[in-house]
There are 2 protein chains.
Amino acid sequence: MPYDLTLSREIAASPATVWRCLTEPELLKQWFAPRPVTITKLELDPTPGGIWLLAMDIPEMGVMEEPAGCVLIAEPEKRIAWTSALGPGFRPNAVKTGEMDFPLTAIMEIEATATGCRYTATALHASEADMKKHEAMGFHDGWGQVADQLKEMAEAGL
Amino acid sequence: MPYDLTLSREIAASPATVWRCLTEPELLKQWFAPRPVTITKLELDPTPGGIWLLAMDIPEMGVMEEPAGCVLIAEPEKRIAWTSALGPGFRPNAVKTGEMDFPLTAIMEIEATATGCRYTATALHASEADMKKHEAMGFHDGWGQVADQLKEMAEAGL
C-alpha cells in the first residue's frame, strides 16, 4: 500500500511463542530496540484502547520517551496494532509539528507456516513525505535489526 | 474525565433501535447534523478499522467535508467510537494545524434502562485547549440538538 514501510522474517517458532514476544512487556523489552539502544520503560496492555508506552536509552543521546500510544487491534497469535496518534482509551494525542515528527500506526502480524511462522511488521503513515522521513530515520535498519533480534530470541525458546 | 465533553438523553426506544440509528448511514443522515444543516454524504462501516466519512451542507457556508475518519470500537447495541486522528484501516491522518483544528475521538454509548435506553455521547480531546475550541464551536448546542433529533426519530419508530 502507498505510504507503508514493511518487512518480514521467517521464524522457526510457534505463533504462540512469537505472540508472547510481541505482547509481554518483559520479553518485548529484550528485543524491541536495536542494540546498543536499551529499553528503560515499556508499558503494554494488549487490548483495544490499552496503553503502548516506550522509553529508550540511546547511547550519546540519552533517554527518549514518547507520549503514550494506544493499542488498536489485539488478536492473539495473529496481530497487534498500535498508533502514536491516540493515547490510552483512544484519546487523541496532542499534535506534534517538529520537522521529524509524524503520526504512525504499527501493525505486527503473525502467520503460521509449515516450519513455524512468518512475522510481518508494517508502519502506516499519513503521506509519502512522512514515509520518507521514517525511511531517512532508518526504518529498514532499525526495524530490520529488531526483527532479527525477535527471530533470535523466539528461536532460542523462552 | 479531563478534556471530555459529554451529554446524554433518555430515549423511549430499544437499544436495538438506537443502535440502528447510530450505524445505518441512511438513518444517521437524518439526525446527525443540526437542522437546517444537511448531510450530503455519509459513509460508515461499523467495524474496527472501518470508514467514518461525513460531508455537511451548512447554509451560507457551503459543503464541508473532512478527511475520512476511522471506526475504533463497534459493539452492537452498546457503543461505537471513531476518531478523526486516523483514517480507514487505522492509517494516521495528516496533521492539521489550523487555528480551529483539533483531533477528536467520539464515543456513542447505549445503556438499557427500564423505559428504553440512555444515549451518551462523549467527545475526547488531546488537551483542555482543544476542548475549549470545541466548546466555543458549539459542542453543547450542536451535539445537544442532534441528540434531540435522534431521540425524536428513535421514539417515532423506524
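Modeller: B:Pro36 sits in the loop between helix H2 (25-31) and strand S2 (38-44) of chain B. Helices (H or I, at least four residues) and strands (E, at least two) are DSSP runs, numbered from the N terminus. The peptide bond that joins B:Arg35 and B:Pro36 is cis, with omega about 15°. Chain A has a cis bond from A:Arg35 to A:Pro36, with omega near 15°. A:Pro36 lies in the loop between helix H2 (25-31) and strand S2 (38-44) of chain A.

This is a predicted model: local features need pLDDT of at least 70, side-chain atom pairs count only at pLDDT 80 or more, and totals for chains, interfaces and linings use all residues. Residues are numbered from 1 along each chain as its sequence is written, chains are lettered from A and ligands numbered from 1 in the order in which they are written, and side-chain values use heavy atoms, leaving out hydrogens and water.

Another loop of chain B runs between strand S6 (79-83) and strand S7 (105-113), and B:Phe90 is found there. B:Phe90 is not a glycine, yet has a positive phi of about 70°. B:Phe90 is buried, at 6% relative accessibility. Buried means under 20% relative accessible area, exposed over 50%, and partly exposed in between (1.4 Å probe, protein chains only).

Now the interface. Here 23 residues of chain B are in contact (heavy atoms within 4.5 Å) with 23 residues of chain A. B:Phe90, B:Arg91 and B:Pro92 supply 35% of the area that chain B buries against chain A, more than any other three residues. The area buried between the chains is about 1700 Å², and carbon and sulfur atoms give 71% of that. Buried area is the accessible area (1.4 Å probe) that two parts lose on being put together, summed over both.

Two salt bridges are counted between chain B and chain A. A salt bridge puts a side-chain nitrogen of Lys or Arg within 4 Å of a carboxyl oxygen of Asp or Glu. One joins the side chains of A:Arg91 and B:Asp4, at 2.9 Å, N to O.

Chain A has a residue with positive phi too. A:Glu77 is not a glycine, but its phi is about 65°. A:Glu77 is in the loop between strand S5 (69-75) and strand S6 (79-83) of chain A. A:Glu77 is partly exposed, with a relative accessible area of 39%.
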